[in-house]
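Colleague: Please take a close look at the sheet in this model, and at the spaces and cores around it. I would like the cut-offs stated along the way.

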Amino acid sequence: MTDMNAVVGSHDLLMITLDTLRYDAAVLEEANCPNLCGTGSWEKRHTPGSFTYAAHHAFFGGFLPTPATTDKSQHVRLFHSRNTGMKTHPYTWLFDTPDVVSGFAAEGYRTICIGGVIFFSKKVPLARVLPGYFQHSYWRMTFGVTNPRSTEHQVNHALKLLKDTPLDQRLFLFLNVSAIHGPNHYFVPGARKDSIDTQRAALRYVDGELGRLFEAFRERGNPVFCLAFSDHGEAFGEDGYHGHRLAHETVWNVPYREFFL
């Protein structure tokens with residue numbers, strides 16, 4: 001268990017949501033993802049929402065995916081709103097603000113969002129809600145789901161922001177990776193539709209690009225606590241279900257990792 005009271009304020013924070021990544025697809029690619037899985041394996045968890053908008057509202061409220069077990073003693077929440085009347089663990093970091101992002105800002109963090117899927121595009125009022133949690137938020141067409149090099153462009157932008165952030169400035173960087181979200185069939189030559197195999201190929205591509213981001217954080221010299229997980233999965237015909245925004249285990253089961261760089 002990680003004592004977040006010893007982390008918040010002393011570490012840079014990096015949160016990565018691997019949009020739409022299924023748990024089983026992630027596990028099948030562990031050996032091919034040295035950056036995300038070089039220090040451990042994916043943990044099976046349950047998402048608080050079946051699509052991006054709902055899930056991220058929960059995440060920014062401090063409600064991360066929960067362990068896929070009936071043993072509640074195994075789950076210690078990293079963040080929790082103070083004075084809610086709920087019992088918390090001594091390792092849980094408590095915030096007094098409406099959300100954990102502004103809670104980090106109140107602790108002196110510079111909060112940055114690099115969006116990916118449409119809910120971070122800021123094109124319409126609804127798509128301004130999630131990036132609106134942050135002091136600084138960015139979205140480009142090249143970051144979106146239709147660009148086969150989206151993660152490359154997102155990481156390049158993150159590297160510029162890291163370079164412009166003083167070393168003594170604590171940083172909370174949030175990255176919504178869009179590449180695994182459909183359409184992803186173009187990651188497998190000749191494929192005409194999305195599948196577990198094309199998700200796996202997209203994940204391999206994403207892992208390769210995230211290596212550059214991790215290295216840039218290490219070069220800053222500050223300790224870094226990283227969270228990487230999916231917001232929801234995707235059904236590819238199991239029991240007749242397709243897509244997400246539905247109650248099926250392929251959607252609710254998500255991969256989760258927390259680690260120090």
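**The sheet and its surroundings**

Modeller: Eight strands form an open sheet with mixed pairing, in the order β3-β2-β12-β9-β1-β8-β6-β7. At the edges stand β3 (66–67) and β7 (136–138), each with a single partner strand, so one side of each is left without a neighbour in the sheet. Strands (E, at least two residues) and helices (H or I, at least four) are DSSP runs numbered from the N terminus, and two strands pair if DSSP finds at least two bridges between them. The model is predicted: local features need pLDDT of at least 70 and side-chain atom pairs count only at pLDDT 80 or more, whereas totals for chains, interfaces and linings use all residues. Residues are numbered from 1 along each chain as its sequence is written, and side-chain values use heavy atoms, with hydrogens and water left out.

Strand β12 (residues 253–260) is mostly covered, with six of its eight residues buried; buried means under 20% relative accessible area, exposed over 50%, and partly exposed in between (1.4 Å probe, protein chains only). Strand β2 (residues 43–46) pairs with β12 in the antiparallel sense over four bridges, and E43 stands opposite Y256 in β12. β9 also runs antiparallel to β12, joined by five bridges; here E258 in β12 is the bridge partner of L227. Elsewhere in the sheet, strand β6 (residues 110–114) and strand β8 (residues 171–177) pair in the parallel sense, over five bridges. In that pair C113 stands opposite F174 in β8.

The structure holds one cavity of 30 Å³ or more. On a 1 Å grid over the protein atoms alone, a cavity is a set of points where a 1.4 Å probe fits but cannot get out; a pocket is an open set with protein on both sides within 12 Å along at least five of seven lines, and lining residues have an atom within 4 Å of a point. Grid points are joined across faces, edges and corners, and a volume is the space filled by probe spheres set on the points. The largest cavity holds about 40 Å³ of space, and its lining consists of L13, L14, M15, F79, F104, F172, F225 and L227. The lining divides into eight nonpolar, no polar and no charged residues. In this count Ala, Val, Leu, Ile, Met, Phe, Trp, Tyr, Cys and Pro are nonpolar, Asp, Glu, Lys and Arg charged, and the others, Gly among them, polar.

The largest pocket has about 560 Å³ of space. Its lining has 26 residues, of which H75, V76, R77, L78 and T92 lie nearest its centre. β2, β4 (79–81) and β12 are the elements that give two or more residues to this lining, which divides into ten nonpolar, eleven polar and five charged residues.

The largest nonpolar core has 39 residues, and L14, I16, L18, L36, L173, L210 and L213 have the most contacts inside it. Such a core is a set of buried Ala, Val, Leu, Ile, Met, Phe, Trp, Tyr and Cys residues joined through side-chain atoms within 4.5 Å. The largest share of this core, ten residues, comes from α6. A second, separate core of 31 residues includes V7, V8, M15 and F120.
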